[in-house]
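Colleague: I would like to learn how to read the packing and the strand layout of a model like this one. Could you take me through the features in turn, with the general idea ahead of each case?

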Amino acid sequence: MEATLFTRPPPPSPATSLKSHFRNPFLTTTHRHPKLRPQSPTLPKIHAAISRTKKEETVDKVKQELEDCHLLAAISYKGLTVQHFQELRTQLPETTKLLVAKNTLVYKAIEGTKWESLKPCMKGMNAWLFVHSEEIPAALKPYRTFQKEKKLEENDFTGAVFEGKFYAPDDFKALENLPTRAELYARILGSIKGPASAVVGTIQAPARDLILVLKAYCKKLEEEGGGQ
């Protein structure tokens, strides 16, 4: 047992009364403290400012990806994991970018542009595929392969915009079956050597095909001119 040393208190001075010197151990003294007004926290304001900044950065990011973009597609990503996205990004071409962003922010970026026709996709949880290449089938194929391997039937394309036109999920076959550049060149060269009706049929093709036709024809003329 530890020892405790008690010392006798000094005798009270004449000016000190016994009442003031000795305290009644059965009496307790309560001290009243002035009430402090609660201060309003500033964290929500800071959080709101950060959130607003992140939203603005997301809108700017979408606008940046829309530059030189040939196709913008939406993919339903409900149920997909971070691992899914990491694996999918490694399978996409370098000219194809995958971005996860809220519908409201994406629509804010595309409002008033040729991409605004993507409005029917502004519901549910979407990931956004930005294709910066004319090879549309090659850009869409990796996700189709990934979707099939992972058995993600419900995580389908919800829509896309190509050349200002909206493509619903049922219309994606037309996008996925677009001819490649090499196929177009072969078709063009064949039509040039063939009858006039074939050339007319090629000219009546969609705008994308017609542009590539003209490019291929100019290239052919250059090659012929250089060989002379």
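Modeller: Let us start with the core, where a nonpolar core is a set of buried Ala, Val, Leu, Ile, Met, Phe, Trp, Tyr and Cys residues joined through side-chain atoms within 4.5 Å, and buried means under 20% relative accessible area, exposed over 50% and partly exposed in between, with a 1.4 Å probe and protein chains only. The largest nonpolar core here has 25 residues, of which Leu71, Ile136, Leu140, Phe157 and Leu175 touch the most other members. This is a predicted model, in which local features need pLDDT of at least 70 and side-chain atom pairs count only at pLDDT 80 or more, while totals for chains, interfaces and linings use all residues. Residues are numbered from 1 along each chain as its sequence is written, and side-chain values use heavy atoms, with hydrogens and water left out.

Colleague: Which elements each supply at least two residues of this core?

Modeller: Helices (H or I, at least four residues) and strands (E, at least two) are DSSP runs, numbered from the N terminus. On that basis β1, α3 (82-91), β3 (126-131), α5, β4 and α6 each supply at least two residues of the core, and α5 gives the most, with 5 residues. A second, separate core of 20 residues includes Ala101, Leu105, Phe130 and Val161.

Colleague: What does leucine 140 touch, once residues up to four places away in sequence are not counted?

Modeller: Contact means heavy atoms within 4.5 Å, and by that criterion leucine 140 touches Leu71, Leu129, Phe157, Phe172, Leu175 and Glu176. Leaving aside its neighbours within four places in sequence, glutamate 176 is in contact with Pro137, Leu140 and Arg144.

Colleague: Is glutamate 154 buried or exposed?

Modeller: Glutamate 154 counts as exposed, at 73% relative accessibility, and it lies in the loop between α5 (136-149) and β4 (157-162). From lysine 78 it is 76 residues away in sequence, and the C-alpha to C-alpha separation of the two is 8.6 Å.

Colleague: In what order do the strands form the open sheet?

Modeller: Two strands pair if DSSP finds at least two bridges between them. The 5 strands of this open sheet follow the order β2-β3-β1-β4-β5, with antiparallel pairing, and the edge strands, each pairing on one side only, are β2 (96-100) and β5 (165-167). Strand β1 (residues 71-76) is joined to β4 by 5 bridges, the two running antiparallel, and alanine 73 has alanine 160 in β4 as its bridge partner.

Colleague: How should I read a pair of aromatic rings?

Modeller: Such a pair is described by the distance of the centres and the angle of the planes. Rings of Phe, Tyr and Trp (its six-membered ring) pair if their centres lie within 6.5 Å, and planes under 30 degrees apart count as stacked, over 60 as edge-to-face and the rest as tilted. A search of the whole structure finds 5 aromatic pairs. Among them, tyrosine 143 and phenylalanine 157 are edge-to-face, at 5.3 Å centre to centre with 70 degrees between the planes. Because tyrosine 143 lies in helix α5 and phenylalanine 157 in strand β4, the pair ties together parts that are 14 residues apart in sequence. Tyrosine 143 is buried at 1% relative accessible area, and phenylalanine 157 is buried at 2%. Phenylalanine 162 and tyrosine 167 form a tilted pair, at 6.5 Å centre to centre and 50 degrees between the planes.
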